[in-house]
Amino acid sequence: MGLDIKIVDGTLADEAQVFRADIGISGGKIAIVAREIHERADRIISAAGSYVLPGGIDPHVHLSLPFCGTVSADDFSSGTRAAACGGVTTVIDFAIQGPGTVLEAVRARRAQADPEVCTDYSLHAGITRWDAQTQHELPAVMECGITSFKLFMVYRKEGWMADDFALYEVLRESARRGGLVGVHAENVDLMEGLTARLLREGKTEPRYFPESRPAFIEGEAIGRAVRWARASGGNLYIFHLSSAEGVEAVAAGKCAGVRVCAETAATYLGLTDERFGEPDGHLYATCPPVRTAADNARLWEGLMKGEIEVLATDHCAFSRAQKEPGRHDFTRIPYGMPSVEVNLPLVFSAGVSAGRMSLPQFVRLSSTNAAKLFGLYPTKGSLQVGADADLTIWDPRQERTLRAGDLHMRVDWSPFEGRVVTGYPRMTLLRGEVICDGGRFLGTPGSGRFLARGPTQYPDR
Ligand SMILES: [Zn+2]
């Protein structure tokens, strides 16, 4: 039997162990994993001195998202190209229910994404209305492979918000079929009230932005969602966990036996709200906001203790020009930061290279846990024979200074400009195709596939 590709002399790591082995790829799948592979291959890739890991899964990106009077700058092509260069082989975006049905939103989003994506992808269904039709449609949505939902506890004006009853009901209905319900957890009444008061007092500068969304409104909303998960028997997932209070609320839910999992991002782990006082402070506004150094530390601890299962980004890129209307008025900032390309290198550097995170831990956080939660395991997120050959070859010694001009995201700034990282993806393979090599993107828009997903699996802790 001939192989398409053989990756030799690398150090492999999966969710459980680190080991020396070669990988043989055939037909886009992992065909052999062995200490030494003698079969011939059309191409031999040396991974000497490097780690070979399952490709990253970023289950929280917003590509071509219409928001705040503009559209997020990375489309499905540029966003997935950047993801690939940052070691990510699968992204999950959103199909948010508009005036029509959820399935209509899914179809429209797929029509947009399918011809453009350079990595594999899927969609969460954003439910904005819990009416008889939506309820009736839910099984069909899950049957077409969309097994996770997003409910916004905020964004009332934008028409995205779902109330507590909707959240309770979607948790209850989806759990029966192995669905997972993700929430954007902030208390909307306090957020709106605090914002209105700041505006009345003329406090519109970006430095006041964090006061409009303090950590306790996240902690409260997570606690409430956990309560609905417990009462309904649902599977809950907290998007973009930002604060120590949020981690405590998740941890308390876990202790009480509730199936609640959470994600955080390099932005919340490595940036603080001091940025809002800088001259370009408006650039860093995202919801929830980045917090204090103590919050950063508690999030790191949560990652290490397994209280937080997933590294995602909430990648939502806006250029300086798009952000400009909010320079002196935080209510006019299109919220979001570009990070899909640098998320994993930043955490690899601060975690693995710094010696505080093991490689299997990094693999669980960057890939395996998301694969399990979002119904993709073991086709994704593993190095098992038969899995998709989605692989990232990491050079643990490569030092890079992050600069917006060198990155592939379609924006003219980076929240991590000038940050030095140790360890960087050297090569990314998607189903056995080399789509990024030494920082050069080699993939093709449209070659990524839509992933119909299965039921959620609760990751081991
Ligand atoms: Zn988001």
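These legends describe close-up views of a predicted model.

**View 1. The zinc site.** Three residues coordinate the zinc ion: H60 through NE2, H62 through NE2 and D314 through OD. The coordinating distances are 2.1 to 2.2 Å. Along the sequence, the donors follow the spacing H-x1-H-x251-D. H62 and D314 link distant parts of the chain, 252 residues apart. H62 sits in the loop between strand 8 (56–58) and strand 9 (66–67). D314 sits in the loop between strand 17 (310–311) and helix 11 (320–323). H62 counts as buried because its relative accessibility is 7%, under the 20% cut-off. D314 has a relative accessible area of 10%, so D314 is buried too.

**View 2. Strands 13 and 14.** Strand 13 (residues 148–152) and strand 14 (residues 180–184) run parallel, joined by five bridges. F152 has H184 in strand 14 as its bridge partner.

**View 3. The largest nonpolar core.** This core holds 125 residues. The members that touch the most others are F149, L151, V183, L236, I238, L241 and F362. Helix 13 (residues 359–373) contributes the most, with seven residues. A second, separate core has 18 residues, including I5, I23, A387 and L391.

**View 4. Around I238.** Beyond its neighbours within four places in sequence, I238 is in contact with V183, I222, V250 and V260 among others. C261, A262 and E263 are also contacts of I238.

Definitions and conventions
Residues numbered from 1 in each chain as written. Predicted model: local features only at pLDDT ≥ 70, side-chain atom pairs only at ≥ 80, totals over all residues. Heavy atoms only, no water. Core = buried A, V, L, I, M, F, W, Y, C linked by side-chain atoms within 4.5 Å. Buried < 20%, exposed > 50% of the residue type's maximum accessible area, 1.4 Å probe, protein only. Helix = DSSP H or I, 4+ residues; strand = E, 2+ residues; numbered from the N terminus. Contact = heavy atoms within 4.5 Å. Donors = N, O, S within 2.8 Å, 3.2 Å for Na, K, Ca; no water. Pairing = 2+ DSSP bridges.
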